[in-house]
Amino acid sequence: MSVQRYSGVILPEGEARDLYVVGGRITYVPQPGAETQTRGWIVPGLVDAHCHIGLGPHGAIPADEAEVQAIKDRDGGALVLRDCGSASDTRWIDDRSDLPHVIRAGRHIARTNRYMRGYADEVGPEDLVAAVRTQAVRGDGWVKLVGDWIDRDAGDLKPSWDASDFAAAITAAHDLGAKVTAHCFGTDVLPGLIAAGIDCIEHGTGLTPDLVDLMVSHGTSLVPTVAQIGLFPSLASAAGAKFPAYATTMTSLYEGRREAVMSAYEAGVPLYAGSDGANQRGHGTLHLEVAAMHAVGMSAEYALGAASWRAREWLGFNPTLTEGAPADFVVYDRNPLDDLSVLATPAAVVLRGTRVG
C-alpha cells in the first residue's frame, strides 16, 4: 500500500505538521518509507455550495460533458459539490472515486413558464407539493425552489408562488427529511420563505436588515454567489426596452449587492461560497467567489472557511484534517490567508486518499 507524506501548515489550525495518507485516511503517526509529496499550506477539501453538474445552455447534457464539469471543479480544489438543481441524472458520479462528492437537490422546481426553458420541473400551485416530494426523493437531502423570476405579464421580478404555497412546500420537504433552498433575487419573496422555515437562500440580493434579523432567528443560511451577481447589469441591459421595470429592479439589486450580503455577514447569518457554475458561469471558478466574498468586506479567514471547513461541517463532512479523517484536502504553495489568489493554482489535490491533481 502506497503511503504519502505531505508537510506543511494545516489550516485552519495553523500548525506545521507532517500529514500522512494511509488507506485513504489521514494520520499524523510517522510512517517510515512514506513517499514525500508536495509541501505547503494544507486546506480541507473545498466546497462549492452552489453549482449545477450536468446542466448546459438548454438543460440536460450528456454524461461526458458533465464529467468535464466535475473534473474542472475537482482540479480547482472543490471536492464537495452541492448541486443546486440539474436536469441530468448524475448519480453515476457516485461510482467514480476520482470525481468529487456530490450532494444533489434534484431538479429545480419552478412556476410554469417562469424559468429558463429545459431546466426545471415547471408546475402550478396545485402541483407544487407533489413536485417537492418527487425531488426530495431524487435529491440527496435537499430540494431547490425557484423563489422568484420575471413575470412577463407584470414586466418585473415576482415571487413564483404565494407565501402559503411556499410554506406547504417547505413543510412537505421537511416531513421527508429534506432541506429546502430557493433562488431569490428580489425582496418580496423572502419574508414568507424565511418565516416558513426555509433552510437556505441562494443569492439573496433583496435582503434588508429586518429580513436578515429574521434569518438569524430562524437559523437560515445564505449562499450569496457574489461573483455571479456581476451578471445583473447584462440582464438589465438585455431586458431594458421590453421590460423596463425589470431592468430597473435588477439594476437596483446590483447596486445594493454589497449592503445586502454584508448585512447578513455582520449579523451572523451563516454564509457559504458558491460559484453558480453552470451555463453562464464556468466550472472550476470557486476561487473567484472566495475572492469576491473577501472583496466586499469579509475576512480572508471567513471567506476561505465558507468554501472549506465551515461548509464541510454544514454539509456533513469532516470539517478539519483530524486523525483518521478521510484524506480530502488541497495543498497550496503559499498561505491562502495572506493571498487568496493562490486558490486558483493548487499545488496538489487529494481526493479519497489519491492525489488527483
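Mentor: Gladly; this is a predicted model, and we will take a few labels in turn.

Trainee: Is Cys-51 buried or exposed, and how do you know?

Mentor: Its relative accessible area is 0%. Buried means under 20%, so Cys-51 is buried. Cys-84, at 1% relative accessibility, counts as buried by that cut-off too.

Trainee: Now the strands. What makes strand E12 largely enclosed by the rest of the structure?

Mentor: Look at residues 142-146: five of the five are buried, so the strand is largely enclosed. Trp-142, Lys-144 and Val-146 point one way, while Val-143 and Leu-145 point the other way. In a regular strand the side chains alternate between the two faces of the sheet.

Trainee: How do you know that E12 pairs with strand E15?

Mentor: Pairing takes at least two bridges, and five join E12 to E15 (residues 179-184), so they pair. The two strands run parallel, and Val-143 stands opposite Val-180 in E15.

Trainee: On to the rings. How many aromatic pairs are there in the whole structure?

Mentor: A search finds nine. One of them joins Tyr-6 and Phe-329, with ring centres 5.1 Å apart and planes at 80°.

Trainee: Why is that pair, Tyr-6 and Phe-329, called edge-to-face?

Mentor: The centres must lie within 6.5 Å, and planes over 60 degrees apart count as edge-to-face. With 5.1 Å and 80°, the pair of Tyr-6 and Phe-329 meets both conditions, so it is edge-to-face. Tyr-6 is in strand E1 and Phe-329 in strand E18, 323 residues apart.

Trainee: What makes Trp-142 and Trp-314 an edge-to-face pair?

Mentor: Their ring centres are 5.6 Å apart and their planes at 65°, so they pass the cut-offs as well. Trp-142 lies in E12 and Trp-314 in helix H11, so the pair ties together parts 172 residues apart in sequence.

Trainee: Why is Arg-82 said to lie over the face of Trp-142?

Mentor: One condition is a distance within 6 Å of the ring centre, and Arg-82 lies at 4.2 Å.

Key:
Residues are numbered from 1 along each chain as its sequence is written. This is a predicted model: local features need pLDDT of at least 70, side-chain atom pairs count only at pLDDT 80 or more; totals for chains, interfaces and linings use all residues. Side-chain values use heavy atoms; hydrogens and water are left out. Buried means under 20% relative accessible area, exposed over 50%, partly exposed in between (1.4 Å probe, protein chains only). Helices (H or I, at least four residues) and strands (E, at least two) are DSSP runs, numbered from the N terminus. Rings of Phe, Tyr and Trp (its six-membered ring) pair if their centres lie within 6.5 Å; planes under 30 degrees apart count as stacked, over 60 as edge-to-face and the rest as tilted. A charge sits over a ring if NZ of Lys or CZ of Arg is within 6 Å of the ring centre and within 35 degrees of the ring normal.
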